[in-house]
Amino acid sequence: MGRFAPTPSGPLHFGSLVAALGSALEARCQGGRWLVRVEDVDTPRAVPGMAEAMLATLERFGFEWDGEVLWQSRRAGIYATALERLKAGGHVFPCACSRRELAEVPDSALARDGSLRYPGTCRNGLPTGAEPRAWRVKAEGLIRFEDVIQGCQEEELARDVGDYVVFRADGVFAYQLAVVVDDAEQGVTHVVRGADLLGSTARQIHLQTLLGLPVPAYAHLPVATNAAGEKLSKQTLARAVDEGSPSHALAAALDFLGQHPPNGLNGASVREVWAWALENWDLGRVSRVLQGVAPELNYI
């Protein structure tokens, strides 16, 4: 069982289409269910109406999902229960540090993703007079997993990531906690998503282990970028795919994923494109590269 989980802060751009198509085809070709989840747990960033528009676009492009759409913004109580379990197990600690204070720590080490690694200020107790702002997980141990596309991966959490936040100072549950709770509750067995999330996987496996949850199989697809090498996103002004040319965009996404569709699919119906894709999908043909430049298409 796989899933596609868009964040409703921008349109369905080519990169989102690639992730949706790859996850849906792998789920269908393995005889599984394909779920759609709206990852709007970060409510301050969610754009009103964007999730509904994205779901409508997916339908116009021929996507069909199983069951009801799950909305993270409606599940705070479930995430709170998971946080309490982490507290009871002694796996998390309250943190009083602000971003400014962390940025001002001299000689701060960098995490693997280039961010500042938490220096451990509150790990053994809050400083005198400090008030807790967030909750962090104690990052411990070596996490090793085999990504179906990218091969063997490993992270030494303390060295490569550092103690990470699961409940933010603004009262929002972190993506890392929400996604593992949802995957377990929905029975997700296979996660096919963009390689921009490859760096999150070790933390998610760590949380799954701490909470006694099953660990899905992971496969990370190449991420579509613009000509400057920037991931397509709202921040890089990625435009929405043109709903007037769904077959052309679907065929381009298949080609981006190494499936080499015939030229005739560009002018075929959406149903015909899906029929070809389901008949010919092969995850083994997806490139191991982490990113590739999106093709020139018509955009809204």
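**Entry 1: ground rules.** Before reading any pairing, I noted that two strands pair if DSSP finds at least two bridges between them. Strands (E, at least two residues) and helices (H or I, at least four) are DSSP runs, numbered from the N terminus. The model is predicted, so to speak of local features I need pLDDT of at least 70, and side-chain atom pairs count only at pLDDT 80 or more, while totals for chains, interfaces and linings use all residues. Residues are numbered from 1 along each chain as its sequence is written, and side-chain values use heavy atoms, with hydrogens and water left out.

**Entry 2: the open sheet.** I found an open sheet of 3 strands in the order β4-β5-β8, with antiparallel pairing. Its edge strands are β4 (92-95) and β8 (164-167), each pairing on one side only. I looked up how β5 (residues 134-137) meets β8: 3 bridges join them. Arg 136 stands opposite Val 165 in β8.

**Entry 3: the parallel pair.** Next I turned to β9 (residues 190-194) and β10, which pair in the parallel sense over 5 bridges. In β10, Ala 219 is the bridge partner of Val 192. From β9 the chain crosses through α7 (residues 201-211) to β10, a right-handed β-α-β crossover (clockwise from the first strand over the helix to the second, with the strands pointing away from the viewer).

**Entry 4: helix α7.** Is this helix enclosed or open? I count on burial here, where buried means under 20% relative accessible area, exposed over 50%, and partly exposed in between (1.4 Å probe, protein chains only). Since 9 of the 11 residues of α7 are buried, the helix is largely enclosed by the rest of the structure. Among the buried ones I listed Arg 203, Gln 204 and His 206. Gly 212 follows α7, with a positive phi near 70°. Strand β10 (residues 217-221) is mostly covered too, with 4 of its 5 residues buried.

**Entry 5: the cores.** Which residues have the most contacts inside the largest nonpolar core? A nonpolar core is a set of buried Ala, Val, Leu, Ile, Met, Phe, Trp, Tyr and Cys residues joined through side-chain atoms within 4.5 Å. The largest has 50 residues, and Phe 14, Trp 34, Phe 63 and Leu 250 have the most contacts inside it. Helix α1 (14-29) is one of its suppliers, and α1 gives the most, with 9 residues.
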